[in-house]
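Please study the sequence and the model before reading each solution.

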Amino acid sequence: MKSLINLIGFIIISATIVAVSFVAINKFSTLRAEEVANEARFQCAQSSRYQVTQPDGSIVWYPVSDLYSKCLVEKGIQ
């Protein structure tokens, strides 16, 4: 009887570990895909930008929209 209780406890603990691992891996893969997409957007914005100096002296960077869009398409984002 004690052996059966130990076996059931082992099965419950193993199932819990597997479930938690599955959820963690699923969440990590989702976050990793989002990180890769954001890195691609950042690289496209950096590679296709132009600088505008505002009348108050501040400098603003803008991506060139057609080059930015083309870069995103090449990286498979859009």
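**Exercise 1: The disulfide**

A disulfide (a pair of cysteine sulfur atoms within 2.5 Å) joins C44 to C71, with an S to S distance of 2.1 Å. The model is predicted: local features need pLDDT of at least 70, side-chain atom pairs count only at pLDDT 80 or more, and totals for chains, interfaces and linings use all residues. Residues are numbered from 1 along each chain as its sequence is written, and side-chain values use heavy atoms, with hydrogens and water left out.

Task: determine which parts of the chain the pair C44 and C71 links, and which handedness the disulfide has.

Solution. 
1. A search of the whole structure finds 1 disulfide.
2. This pair links distant parts of the chain, for C44 lies in helix α1 (residues 2–47) and C71 in helix α2 (residues 65–74), 27 residues apart. Helices (H or I, at least four residues) and strands (E, at least two) are DSSP runs, numbered from the N terminus.
3. The torsion about the S-S bond of C44 and C71 is about -75°, and therefore the disulfide is left-handed.

**Exercise 2: Burial**

Task: decide whether C44 is buried or exposed, and do likewise for C71.

Solution. 
1. Buried means under 20% relative accessible area, exposed over 50%, and partly exposed in between (1.4 Å probe, protein chains only).
2. The relative accessible area of C44 is 0%, so C44 is buried.
3. C71 has 13% relative accessibility and therefore counts as buried.
4. In α1, A37 and A40 are buried together with C44. The cover over the buried residues of α1 includes α2.

**Exercise 3: The salt bridge**

Task: state which side chains meet in a salt bridge.

Solution. 
1. A salt bridge is a side-chain nitrogen of Lys or Arg within 4 Å of a carboxyl oxygen of Asp or Glu. The count is 1 salt bridge.
2. The partners are R32 and E35, at 2.9 Å from N to O.
3. Both R32 and E35 lie in helix α1, 3 residues apart, about one turn of the helix.
4. R32 has a relative accessible area of 42% and is partly exposed; E35, at 46%, is also partly exposed.

**Exercise 4: The span of α1**

Solution.

Methods: Contact means heavy atoms within 4.5 Å.
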